[in-house]
Amino acid sequence: MKKVLLLVSILFVAVVSTACINNLAVQDLNNKAQSFMEKGDYTQAIERLKSSIDLDPSIFETHYNLAVAYTKAEDYINAMDEFKKAQELKPNFPDVYYSLATAENNLAVDMTQLKVRMNMDDTLFTPKSEDSSTLELSKTLTDKEKNLISELYDSAVSNYEKYLELNPNAEDKAEVNAQIEKIQEEQNPQKAKRQIEE
């Protein structure tokens, strides 16, 4: 019996010490990432934050900061994924909804401007000017791309609204409402015009 108790206590100490080591490593990686972010080196910040998540995927701040780094690097696809993970970890944090809405809106704008395109398998990519297949790309949006843009705008509006719901006294409430109206006008100019007149 003593042997079993001793073994259990040794395992518990090992788990606790491993958790402490991981927490220190996570904290160190996050601090380094913050330093890179401040210098504008988003690639290095992203790498540190991804390593931090590999050590402990349960930390909201790491996912949120990684999403912010992706946003700063204008990689809205990955930013959206990380904001959604952060949202799962802390669903009542208003800023994650605002940030996700911004990433969705930015991706929709990039797609509208043909800076991001959709492959046949529905994955998104950024066309490179030196890529010969880019020359073959249509200069107009496909129906699938138009549908995705519409979905992104709808989701952005919903996330902006959720941000305002969770943060009813937001200092930027007027700006967020103006952004919602702008998105709605871009999606359907006639409908938005009628709503404003009412």
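1. A residue is called exposed when its relative accessible area is over 50%, buried when that value is under 20%, and partly exposed in between. By this cut-off Glu165 is exposed, because its relative accessible area is 54%. The structure discussed here is a predicted model.

2. For a reader new to the fold, the protein has nine helices and two strands, and along the sequence these elements follow the pattern α-α-α-α-α-β-β-α-α-α-α. Of the 198 residues of the protein, 31% count as buried, while the protein exposes about 12700 Å², of which carbon and sulfur atoms supply 53%. Among the contacts with a separation of 6 or more, 51% are between residues 24 or more positions apart.

3. An α-helix has 3.6 residues a turn, so residues three or four places apart point the same way.

4. In helix α7 (residues 143-166), Lys162 and Glu165 are three residues apart and therefore separated by about one helical turn. The two residues form a salt bridge, with their closest N and O atoms 3.3 Å apart.

5. Glu82 is buried, with a relative accessible area of 8%, but Lys85 counts as partly exposed at 38% relative accessibility.

6. In helix α2 (residues 42-55), Glu47 and Lys50 are likewise three residues apart, so that about one helical turn separates them. A salt bridge joins Glu47 to Lys50, the closest N and O atoms being 3.8 Å apart. Glu47 is partly exposed, with a relative accessible area of 37%, and Lys50 also counts as partly exposed, at 34% relative accessibility.

7. The geometry of helix α5 (residues 94-112) can be checked against its length: at 1.5 Å a residue, its 19 residues should span 27 Å, and this agrees with its end C-alpha atoms, which are 27 Å apart. After α5 comes Leu114, whose phi is positive, near 65 degrees.

Methods. Residues numbered from 1 in each chain as written. Predicted model: local features only at pLDDT ≥ 70, side-chain atom pairs only at ≥ 80, totals over all residues. Heavy atoms only, no water. Salt bridge = Lys/Arg side-chain N within 4 Å of Asp/Glu carboxyl O. Helix = DSSP H or I, 4+ residues; strand = E, 2+ residues; numbered from the N terminus. Buried < 20%, exposed > 50% of the residue type's maximum accessible area, 1.4 Å probe, protein only. Expected span 1.5 Å × (residues − 1). Contact = heavy atoms within 4.5 Å. Areas by Shrake-Rupley, 256 points an atom, 1.4 Å probe, with all protein chains shown as cover.
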